[in-house]
Each structure stands twice: as C-alpha cells, then as structure tokens.
Amino acid sequence: MEDKPLNPTFAQTSEMTKINIAIDGLSGCGKSSTAKAVAKALGYKFIDTGAMYRAVTLYMLDKQVDINNPDAVEEALANIRIDFRFDSETQKNETFLNEQNVETAIRSMRVAGQVSQVAAIKAVRKAMVAQQQAMGKDKGVVMDGRDIGSVVFPDAELKVYMTASTEVRARRRQMELAEKGEKADLAEIMENLEKRDRIDSTRSESPLIKVKDAVEIDTSHLKFEEQVQKVLDLAKQRIEAE
C-alpha cells in the first residue's frame, strides 16, 4: 500500500505528550502501511521491525548461513548493521543493510518464504529487540511487528492488533508484488501467508499473540484511510489521557 493523504483528527505538536504505539498482527493486513501513515500524521518516528527481520533473512540467504547452526547465526549477526534512511525524493523511509539499500530486495517472495524461520531464532530476536527498544526509549515511536506489544514495548500506551482474511491479505500482497514487477500466483501467496501465520503464532520465541490490552482492528473490509483513522482516533484518546 502506498502512502495516501489523510485528514487526521489532530496534529501532534512539540508541547503534546508523546506515547509509543505498538501495532501487531498477521502478515499482509496493512500493519506497516498503517504505521507509516500514523507516524507521519503524528510527527512520530516509524520503525518497520518486519523490514529488520527481512534484512537479516536476506543476509542469511545471500551469505548462505546455516540458520540451524547457532555459532554461524551469531557470527552473521555480529556483521549485520541495519538502519532506516528517509528518501527526500520518494518521501519514504528505506531499509539499509550494511550501508546498502535493500528496500526492494527484502520484499521479494524469496525472502518472504524464509523470514518467519529466521525471525523465530532466539539469537536473532534478542539482537533485533535490543535495537528496537533503544529506538523507542524516548517515546514518539510507532512500531509494527509480531511481538511489539508483548515483548518490545509491553508498556506502550497504545497497542493495536490488526487482522484480515487470508484471501484479502493475499490479494493485497499480489498487488504489491505486481507494482514491483514481480508475478506471483494467488494460491502460492495464500499458502505462504498461512505458513507464516502458523510459524509466527506457534514459535517458542516471542510468538504472535493478541495481548489483553490491545485493540483489535479487522482490515478486511476497511479502506486504507479508514484503518489509519481508527488508529489516530485511539492515539488521540491515549495522548489526552496522559
């Protein structure tokens, strides 16, 4: 999904209390796109944790790292540096892996097919969570992923859990890939999403769960602007309550 113009309920100012917003949920339900738009409307920092795990996965694949070998994984992690840079021309944050722009490469089906397995590795999660927590220590962060509300920011002032039907998520992902010139069969994408859902929800390390204080938003029948507005309305309530 591309960023679209919004009419936010309010604008964040420097005088207003800042909060952290954790957005968790299933793959392909619009978490990242929504988080980006919410951060932009509030003047907050957006952290795409999914991109971080995808970047790690890309590195493992390119370097042919045996992810079942703990020593090899630890050695690889020591050589991985991930950061986000804002592109003034595209007006988007882009993911950099060891100083190289990998924004397009990490969105491929090649990476999508392996990212859940890599993200389930304890050492990988420990390394990424430490970086994510450091990014949010001063508040004013919108972060999306699988374990943000449960592990990374358990004290986040606003926690959202996003979901959508498998078919809707698959069609969205197919459109995203088509925009990048990559063709993918709908059934293949649905199978990949269902596989990722199972792995993410049943892994021993930081599984995907809906924490009890998270607000669930089903995006199956929502327009992009509507799901963003729902989060902004919730954010307004939390900020005013601080």
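Me: What gives the most to the lining of the second largest pocket?

Reply: A pocket is an open set of points on a 1 Å grid over the protein atoms alone, where a 1.4 Å probe fits, with protein on both sides within 12 Å along at least five of seven lines; a lining residue has an atom within 4 Å of a point. Helices (H or I, at least four residues) and strands (E, at least two) are DSSP runs, numbered from the N terminus. Here helix 1 contributes the most to the second largest pocket, with 3 residues. The model is predicted: local features need pLDDT of at least 70 and side-chain atom pairs count only at pLDDT 80 or more, while totals for chains, interfaces and linings use all residues. Residues are numbered from 1 along each chain as its sequence is written, and side-chain values use heavy atoms, with hydrogens and water left out.

Me: Which residues lie nearest the centre of the second largest pocket?

Reply: They are Lys 36, Lys 40, Phe 86, Gln 91 and Asn 93, out of 10 lining residues. The pocket holds about 220 Å³, where a volume is the space filled by probe spheres set on the points, which are joined across faces, edges and corners.

Me: How many residues line the largest pocket?

Reply: The lining has 38 residues, and Ser 32, Lys 36, Asp 48, Arg 107 and Glu 176 lie nearest the centre. The space amounts to about 840 Å³. Classes divide the lining into 7 nonpolar, 10 polar and 21 charged residues; Ala, Val, Leu, Ile, Met, Phe, Trp, Tyr, Cys and Pro count as nonpolar, Asp, Glu, Lys and Arg as charged, and the others, Gly among them, as polar.

Me: Which residues line the largest cavity?

Reply: A cavity is a set of points where the probe fits but cannot get out. The model has 1 cavity of 30 Å³ or more, and the largest has a volume of about 40 Å³. Its lining consists of Lys 36, Phe 46, Asp 48, Ala 51, Phe 84, Asn 93, Thr 95, Glu 103 and Arg 107. Strand 2 (45–48) and strand 4 (92–97) each give two or more residues to this lining.

Me: What order do the strands of the open sheet have?

Reply: Strands of a sheet pair through backbone hydrogen bonds, either parallel or antiparallel. Two strands count as paired if DSSP finds at least two bridges between them. In this model an open sheet of 5 strands has the order 2-6-1-7-8, with parallel pairing. Strand 2 and strand 8 (215–218) are at the edges and have a single partner strand each, so one side of each lacks a neighbour in the sheet. Strand 2 is joined to strand 6 (141–145) by 4 bridges, and Asp 48 has Asp 144 as its bridge partner in strand 6.

Me: In what sense do strand 3 and strand 4 pair?

Reply: Strand 3 (82–87) and strand 4 are antiparallel, with 6 bridges between them. One of the bridge partners in strand 4 is Leu 97, which faces Ile 82 in this pairing. The hairpin they form has 4 residues between the strands, and Gln 91 takes a positive phi near 60° there.

Me: Where is Glu 99 placed?

Reply: Most residues other than glycine have a negative phi. Glu 99, however, has a positive phi near 75° and lies in the loop between strand 4 and strand 5. Asn 98 is found in that loop, with strand 5 spanning 100–101, and has a positive phi of about 50°. Glu 99 is exposed, with a relative accessible area of 51%; exposed means over 50%, buried under 20% and partly exposed in between, with a 1.4 Å probe and protein chains only.
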